[in-house]
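User: I am new to this structure and would like to learn how to read its features. Could you guide me through them?

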Amino acid sequence: MQKWEDIAAQVAKGARLDEEQALVLWREAPLWRLAELAVARKREVSGDKVFYNKNFHVEPTNVCVFNCKFCSFRRPKGSPEAWDMSMEQVEELVRSFEGSGVTEVHIVGGVHPEHDIYYYCDMIRKVKSILPSVAVKAFTAIELSYMIRKASLSVEEGLKLLIDAGMDAIPGGGAEIFDEKIRAEICPDKGSTAEWFEVHEAAHKLGIKTNATILYGHIEGLEHRVDHLMRLRRLQDKTGGFNAFIPLKYRNFGNSMSAIGEVPIVDDLRTLAMSRLILDNVPHIKAYWVMYGKQTTEMALAFGADDIDGTIDDSTKIYSMAGADDSRPRMSVEQMREMVARAGFRAVERDTLYNEIG
Ligand code: V47
């Protein structure tokens, strides 16, 4: 077996990691060396820039046909804490962002048993009628797969309907962990790994850019994280359709896996760096500040991340319900720019497709 020092030296010269090398580096390399390698790779892609955007989320419902053990957001239908926004409520929320300069609306929620693809197409049209210049980044592959199958359409037909309605990009959620055995433990009834990939590959073929995530820090091992990243790298080699990868740390408040606890921040930093190093073909690694909290996000920029997501403006509950630092997540442009500057990089506003603004 190779030593971590030799693998690191090869990576520094631009070599691609194989699975075994990735595991050795992940387990054995010291934190400073991972930081050094990951930042060097980040600089090749985005120089001294770190991206942010002006965005908000719409979470139309927390009612979900699936019952993932890590989820703190879902409520069964009829629960006093369940919600299902009417189209008028969606409209009102979107109207509250008129004139705010937002460039992206991120729409994700539970997989509601009674809504169908035509309802979601109407929702996208409604958003676009109010904010015509925003990009709609909508629905995880799991939501998409469900609504498309329910309508008895092929994945391509379903995506085309949504694209015609105004869907511009697809977020990375629902990936969780691709290893089928671990997935069966943490989200036994959820859409499969194969379904997740089917939707992303079809979207890439239709020219739609997508993101990818991993949910780590629960019962998986490092070998499952490496396997997850390798599966993404293989599809990216084929299609080039992923814009960003977002490692999501399992947050343990208020769900049925709470007893597991949370991994230490050092693990988050190693995961960010290894994501940057393994995914040598994915341009952007996003440190999602809402999930990590602001301090870890600032540190993440020393470990290869080049994106911190956006203003959010208190529009998402997924992470506040799971125990994240901010119960009402919101960051001003000035706060984001200051954070990036403190970390030693240059803040650049981007749109959903990473075109620079201003
Ligand atoms: O798929 C749910 C995760 C995801 C927990 O594409 C949890 O730009 C940790 O994917 N602890 C949805 N994670 C969020 C998501 C996302 C967020 C921001 C930006 C983008 C993007 C995508 O949240 C789910 C799941 O993996 N999640 N519960 C939890 N307790």
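This is a predicted model: local features need pLDDT of at least 70, side-chain atom pairs count only at pLDDT 80 or more; totals for chains, interfaces and linings use all residues.

User: How is the packing of two helices described?

Analyst: Two packed helices are described by the angle between their axes and the distance between the axes. A case here is helix H3, residues 31-46, with helix H11, residues 265-278: their axes come within 9 Å and cross at roughly 40 degrees. An angle from 65 to 115 degrees would count as roughly perpendicular and one under 35 degrees as roughly parallel; H3 and H11 are therefore oblique to each other. The crossing in which H3 passes H11 is left-handed.

User: Which residues of H3 and H11 make the contact?

Analyst: On the H3 side they are Leu31, Leu34, Leu37, Ala38, Arg41, Lys42 and Val45, and H11 contributes Val266, Leu269, Arg270, Ala273, Met274, Arg276 and Leu277. Sorted by class, the residues of this contact of H3 with H11 comprise 10 nonpolar and four charged, with no polar ones.

User: At what angle do helix H6 and helix H9 pack?

Analyst: H6 (residues 141-150) and H9 (residues 193-205) pack at an angle of about 85 degrees, and their axes are 9 Å apart. H6 is therefore roughly perpendicular to H9. Ala141, Ile142, Leu144, Ser145 and Arg149 of H6 make the contact with Glu195, Trp196, Val199 and His200 of H9. The classes in the contact of H6 with H9 are five nonpolar, two polar and two charged residues.

User: What does glutamate 195 touch, leaving aside residues up to four places away in sequence?

Analyst: Glutamate 195, which has its place in helix H9, touches Ser145 and Arg149 on that count. The side chains of glutamate 195 and serine 145 are joined by a polar contact of 2.8 Å. Distance in sequence and distance in space can also be read side by side: glutamate 195 and alanine 175 are 20 residues apart in sequence, and their C-alpha atoms are 9.8 Å apart.

User: How do the axes of H6 and helix H7 cross?

Analyst: The axes of H6 and H7, the latter formed by residues 155-165, come within 9 Å and cross at roughly 105 degrees. H6 is therefore roughly perpendicular to H7. Leu144, Met147 and Ile148 of H6 meet Val155, Gly158, Leu159 and Leu162 of H7. This contact of H6 with H7 has six nonpolar residues, one polar residue and no charged ones.

User: Which of the 23 residues around the ligand come nearest?

Analyst: Lys137, Gly174, Glu176, Lys286 and Tyr319 come nearest of the 23 residues around the ligand. One then looks at individual atom pairs. A side-chain N or O atom of lysine 137 is 2.6 Å from an oxygen atom of the ligand. For glutamate 176, a polar side-chain atom lies 2.4 Å from a ligand oxygen atom. Glycine 173 has a backbone N or O atom that lies 3.2 Å from an oxygen atom of the ligand.

Key:
Residues are numbered from 1 along each chain as its sequence is written. Side-chain values use heavy atoms; hydrogens and water are left out. Axes are lines fitted to C-alpha atoms, for helices over the stretch in contact, and angles run from 0 to 180 degrees between N-to-C directions. Helices (H or I, at least four residues) and strands (E, at least two) are DSSP runs, numbered from the N terminus. Angles under 35 degrees count as roughly parallel, over 145 as roughly antiparallel, 65 to 115 as roughly perpendicular and the rest as oblique. A crossing is left-handed if the near helix is turned anticlockwise from the far one by less than a right angle, and right-handed if clockwise. Contact means heavy atoms within 4.5 Å. Ala, Val, Leu, Ile, Met, Phe, Trp, Tyr, Cys and Pro count as nonpolar, Asp, Glu, Lys and Arg as charged, and the others, Gly among them, as polar. A residue is near a molecule or strand if one of its heavy atoms lies within 4 Å of it. A polar contact is a pair of N or O atoms within 3.5 Å; within protein, one must be able to donate a hydrogen and the other to accept it, and residues adjacent in sequence count only if both atoms are side-chain atoms.
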